[in-house]
Amino acid sequence: MKAKKKKRQDDFQKVKLKVGKTKPKADNATNTNFRTRGIHLSEQLNRDTTGPTTHRQLGVNDLMSQLHHYNANVKYSALLGLRELLSLNPSLLEQHLSRLLSEVAAVVTDKDGNVRVGATRVLKFIAQSVPAERVAPFFPLLSAHLSCAMTHIDTSIQEDAMKVLDVLLEHYPALLAVRPEVLLTNFLELISHRQNSGGAKKAQDAEGRTWALSVNLSRTLTSQQWRLAVLLRLGRFLQAVVEERPVEESDIFHPGESGFGSSGEGKLNPLYLNWEELTYSKVGVKLYEHSGAKPTPPSTFRLRPEVDPGPAMGEGLDSAEAIQNFAATLVPLLLEVWVEASAGDCPWNSTEGAHLLTPDAMSVMFQVLSILQLLRKLAPQQDHRDRLDEWFHKEYLGDFKLHFMKNFPFGTRDTPKHKKKVDLKRSKQTSAVPGLTVEPLALNITVCQVMVSLSQRQGVGRETDGDWLTPLRTFARDTLGSGVKLSYRQLHMLLGTVWKMVLTQRSKTVTDDLLAAVYIYYKQKHLTLQTRSLLLSFYSKLYLQEQGHTHIARSKVLCCWLASLPVQLFHLGHRNPALSTRLIQSIQAAASRGHKDLLNSLQTHACRLYDPQEGVVGLLPVESQQRMVQLLYFLPKISPSLLANLSGCCSTGQISAGLAASLIRIVHLRSSLSSWSFGSPEVAVEDVDFISFLFSTLMGFSSSKLASLQEDFDECALPPTFLTPLKLYPTQLEQFTHHWDVVEEVCHCLETLSSKSQCFDILQNGICKYLTKLEVVPDNMAAGLLRAVSRLVDLSILPVEPMLRFLSQCCLSLLALLITLQQDIPTETNHKKEAMWSACVSALSTVPRLLRMVLQLMRAGDFNEEELPQLAQILSMLLQHVPLHSQLLANTALLQDIIQNLTRYSRSATREQWLTDLLYYYSVTVAHSSSARRGSQGLRDMY
C-alpha cells in the first residue's frame with residue numbers, strides 16, 4: 001500500500017526552482033526560432049492606368065463600384081472623387097454617361113444625408129455639362145428615382161428630393177414636362193393624403209373630396225414652410241409644362257399670356273409640312289377654311305377616338321376634362337392652405353388688422369394664386385380655356401370671393417425684432433426653404449388677375465359681377481394712377497386685368513376710368529424700353545378692339561393717346577429705334593382706320609417728321625422708313641412745305657432709291673393728275689405743287705445747296721475749259737446712282753400725265769428760269785435733265801434756244817468728264833459712265849438741233865494740245881454710235897470743219913493715233929451713208 005501511494009505522488013511532483021538556475025521550458029512552449037518570407041502577387045497592387053484618376057489614384061470604375069459600399073463615408077468620398085474626376089476630365093461624361101446617371105441617381109434615396117447631398121451635387125454638375133438631348137434617353141430612369149425619393153417614407157429623403165427636383169427643373173424642364181401626371185400625383189402626396197373610407201365617408205362623398213392636408217411632426221420644417229417649399233416646386237413644374245406645351249393664341253388678350261406683349265406681334269410664321277413624315281406620325285395638323293383669313297366658328301363637336309383611351313388617359317393633361325379632374329383635387333387643398341396661412345396671422349379671431357400678413361403667410365398665399373393661374377394655362381386650346389374658366393366660375397367663384405376678397409387688399413404686418421441668441425437648428429430649417437420674398441403689391445396684383453379671369457361678359461344674369469369687381473377695379477386704378485414703380489411682370493399682369501375688365505364690363509365710365517389711370521402711368525418719365533413698349537402695345541391692341549365695342553371707340557383717353565403719338569415720335573427720333581417702330585405701327589394702324597384726331601395731329605407735325613435734316617425719317621431702320629412713307633397715303637392734305645421736305649428726302653439719299661420711288665408714286669396717286677380714280681382717297685396735292693415736287697426731285701439739289709456751290713466753286717467743281725463749258729461738280733458714285741434711279745421714276749410719272757407737250761413746256765420753262773444762269777452744275781443733275789428731256793420730247797416739239805444752249809453745254813461737259821473717267825478709273829465707275837453716256841446719246845438722238853449746237857461748241861472752241869485727243873475721242877465715240885449717223889450726216893459741214901481744225905492743230909511730224917482713229921471712223925460713216933439712202937430733207941433740216 002505504501003509503495004503504490006508513493007508512486008502516485010511521483011506523477012504529480014512539483015518542480016522546485018533554485019536561485020541562479022535557468023528556468024526550464026514548459027512542455028507546450030512555442031518555438032519562435034523560424035523565418036518568414038512574403039508572397040508577392042504581381043497583378044494584385046497594379047492600378048488602372050488606362051484612364052484618368054483622382055489624387056487618390058482611383059479611376060471612374062473604382063469610384064462607381066464604391067457607390068455600392070455599405071459604409072456611408074466610402075460612398076460620400078466616392079461621390080467627391082467623381083466630381084473631382086469629371087471636372088478635370090469632361091470627356092468622361094460622354095463615355096460613361098449612362099452608368100453615371102444610373103449609379104448616382106440610385107444613391108439619391110440613400111439613408112445617409114451626406115451621401116444624398118453629394119449625389120445632388122454630382123447630378124447638378126452633370127446637368128450643367130450635358131445638354132438635354134443627350135440625357136433624354138436616360139431621363140426615365142432619373143424620373144423614376146426622383147419619384148421614389150419624393151414618395152419615400154423618410155421625411156429627410158423627401159426634403160432632399162426637392163433639391164434634386166430643383167436641378168432638373170433648372171436644366172431639363174422640357175424632359176420633366178413630357179409626362180407630368182406621375183409627378184403631379186407625387187406633389188399631392190407630399191402635402192396631403194388620401195382619406196380613409198371609414199365613418200366619414202358620407203361627409204366626404206357629399207363634398208366630393210378624397211384628399212386632405214397632412215401634418216408630419218417628424219419633419220425638421222414647420223408645416224407651413226414645408227408646404228411653401230412643395231408649392232414653389234409645383235409652380236415651377238407647372239410653368240415648365242405650360243412653356244413646353246403649344247398654346248393656341250387668340251386675338252383677344254388674356255391675362256398672363258403672351259397677348260399684346262408678345263414680340264411676334266403682327267407676324268405670321270409659315271409652317272412647312274412634309275406630308276410623308278406626317279403620314280404615320282401622331283402629330284395633328286390643323287386646317288382652316290379660307291386660309292385662315294376668316295375666323296372659324298367654335299364647335300364642341302369632337303370625333304370619337306380611334307382607340308379606347310382607358311382609365312389611364314384621364315391622368316394626363318391633354319384635355320379640358322383632365323385638367324378639371326386634376327383641379328378638382330388640387331384647388332380644395334390650395335384653399336385649405338390659404339385658410340391655414342391667413343388664419344395663423346389673425347389672432348383671437350379679431351377683424352382688426354386681418355389684412356396684414358407675415359412674410360411667410362404672404363409667400364404661401366402668393367404660391368397658391370400662382371398655381372391657380374398656371375392651371376388655366378394648361379388648357380392647350382382657346383375653347384378649352386374658355387370652358388375651364390366657366391367651370392372655375394361655376395364651381396369656385398363663391399369660395400374665391402369668400403377667401404381671396406375677404407381682406408383684400410393685403411398688407412405687411414410689422415413684427416418687432418428682438419435680439420435673440422442664434423438658434424442653429426432654426427436657421428437650418430429656414431435655409432431649407434428657398435428664399436422667396438413677396439411684396440404685398442405682387443400678391444394683390446395676382447389676386448386681381450385670378451379673380452378677373454373668372455369674370456364673364458355682361459349679359460342676362462351676369463350683372464352681379466360688378467359688385468365684387470369694384471374693389472379690384474379701385475385697386476388697379478389707384479395703383480396705376482399713384483405713380484408707383486412696377487416691374488415689367490407686375491405691369492403686364494395689371495394691364496391684363498385692365499384689359500379683361502374693359503372687355504367684360506362694357507361700360508364707358510369704367511373704360512375711361514381705367515384707361516385714364518394707365519395713361520397717367522404711360523406719361524411717366526424714365527420708363528424702360530420694355531415697359532414703354534408694353535404700354536404702347538396695350539393701347540394699340542385695345543384700339544383695334546373698337547369694332548363691336550362702342551365704349552372703347554368713344555373713349556376720350558384713347559383719342560388723346562392717339563393724338564399724342566406724332567409728337568412723341570418726333571421727340572423720340574432715332575434715339576430708340578425699337579420704340580420708334582412701335583410708335584409708327586400704332587400710328588399706321590389708326591391712320592388706316594381714318595382716326596380723325598390722329599390724322600389731324602399727323603398733319604400738323606408732318607413737316608417736322610419728314611424734315612431732311614432734323615426729321616426722323618432718314619435715321620430710322622428701313623422697315624420703319626417704309627411705314628413712314630406709307631403714312632403719306634392717309635394724310636388729308638400734303639402741303640407745299642411738306643412736298644419740299646419729301647423732295648429733299650428723295651434727293652439727299654436718306655431713304656433708298658426704291659423707297660423714294662414708292663414715295664413719288666404715293667404723292668402721284670394723291671394728286672389730281674393721277675389716272676387712277678377708283679378707290680383712291682381725296683385729292684391731297686394740287687397740280688402746281690405736284691409738278692414743282694417732281695421738278696425739285698429731278699434737280700437732285702435744293703436751291704440753298706446750289707447757291708452754296710456757286711459761291712464755293714473753286715474748291716469743289718472741276719475747272720472750266722473750252723471742252724467743258726460748265727463747271728461740273730462731281731458727285732460720289734453712290735449719290736449719282738441713287739439720283740439716277742430716282743430720275744427714272746420721275747420720268748415715268750411725267751410720261752403718264754395726259755399731255756406730254758404741256759409737261760415738256762413746264763420743264764423747259766423751269767430750266768430756263770432756274771438753271772440756265774448756273775455756272776456750277778452737279779454731274780448727276782446734268783445727266784438727269786438730259787434723260788428727262790429726251791423722254792418727254794416729241795417730233796412736234798421745238799425746244800427754245802436758251803434751253804438748247806444749256807443742254808448742249810451739259811452734254812459736252814458730260815462727254816468730256818466721261819473721257820476723263822475712262823482714263824482714270826476704268827472699273828469702279830462703270831455704272832456711272834454707262835448712265836452718263838446713255839443720257840447724252842439719248843438726248844442727242846431725240847432732241848432736235850441739240851447735236852448741231854454741240855458741234856458748234858466744238859468748232860468754236862480754242863483748244864490746246866492736251867484737249868485735242870479728248871475732242872477726237874468724243875467725236876470717235878459719236879461716230880461709232882449708229883443711231884446718231886443720220887444727225888451727224890445732216891451736219892456734215894460742221895463735222896468736216898472740226899476734223900480739219902484738228903488736223904491743222906496737230907503739229908507733230910507723224911500723225912497721232914487718235915487722229916488716225918477719228919479719220920477712220922469718219923470715212924466708215926461717210927461710206928456707209930453714201931451706200932445707203934439718206935433720210936428725208938425735212939428731217940435733215942430739223943437736226
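Tutor: Five helices each supply at least two residues of the lining of the second largest pocket: α29 (640-652), α31 (687-699), α32 (703-711), α34 (733-751) and α35 (756-770). Among these, α31 gives the most, with nine residues. Keep in mind that this is a predicted model.

So what do those helices surround? The second largest pocket holds about 1,000 Å³ of space. It has 37 lining residues, and the closest to its centre are S647, S692, F695, S696 and M699.

Now step away from the pocket and look at the packing elsewhere. In soluble globular proteins, nonpolar side chains tend to be buried together. Here, the largest nonpolar core has 272 residues, and the ones with the most contacts inside it are F392, F400, F404, Y539, Y610, M628 and M858. Helix α37 (residues 801-824) gives the most to this core, with 14 residues.

Pick out M628 if you want to see what such contacts look like. Leaving aside residues up to four places away in sequence, M628 touches L569, I584, L609, Y610, V616, V617 and L620.

One last stop is helix α16 (residues 359-377). Its 19 residues reach 27 Å from first C-alpha to last, close to the 27 Å expected at 1.5 Å a residue. Of those 19 residues, 17 are buried, so α16 is largely enclosed by the rest of the structure.

Methods: Residues numbered from 1 in each chain as written. Predicted model: local features only at pLDDT ≥ 70, side-chain atom pairs only at ≥ 80, totals over all residues. Heavy atoms only, no water. 1 Å grid on protein atoms, 1.4 Å probe; cavity = no way out; pocket = protein on both sides within 12 Å on 5 of 7 lines; lining within 4 Å. Points joined across faces, edges and corners; volume = space filled by probe spheres on them. Helix = DSSP H or I, 4+ residues; strand = E, 2+ residues; numbered from the N terminus. Core = buried A, V, L, I, M, F, W, Y, C linked by side-chain atoms within 4.5 Å. Buried < 20%, exposed > 50% of the residue type's maximum accessible area, 1.4 Å probe, protein only. Contact = heavy atoms within 4.5 Å. Expected span 1.5 Å × (residues − 1).
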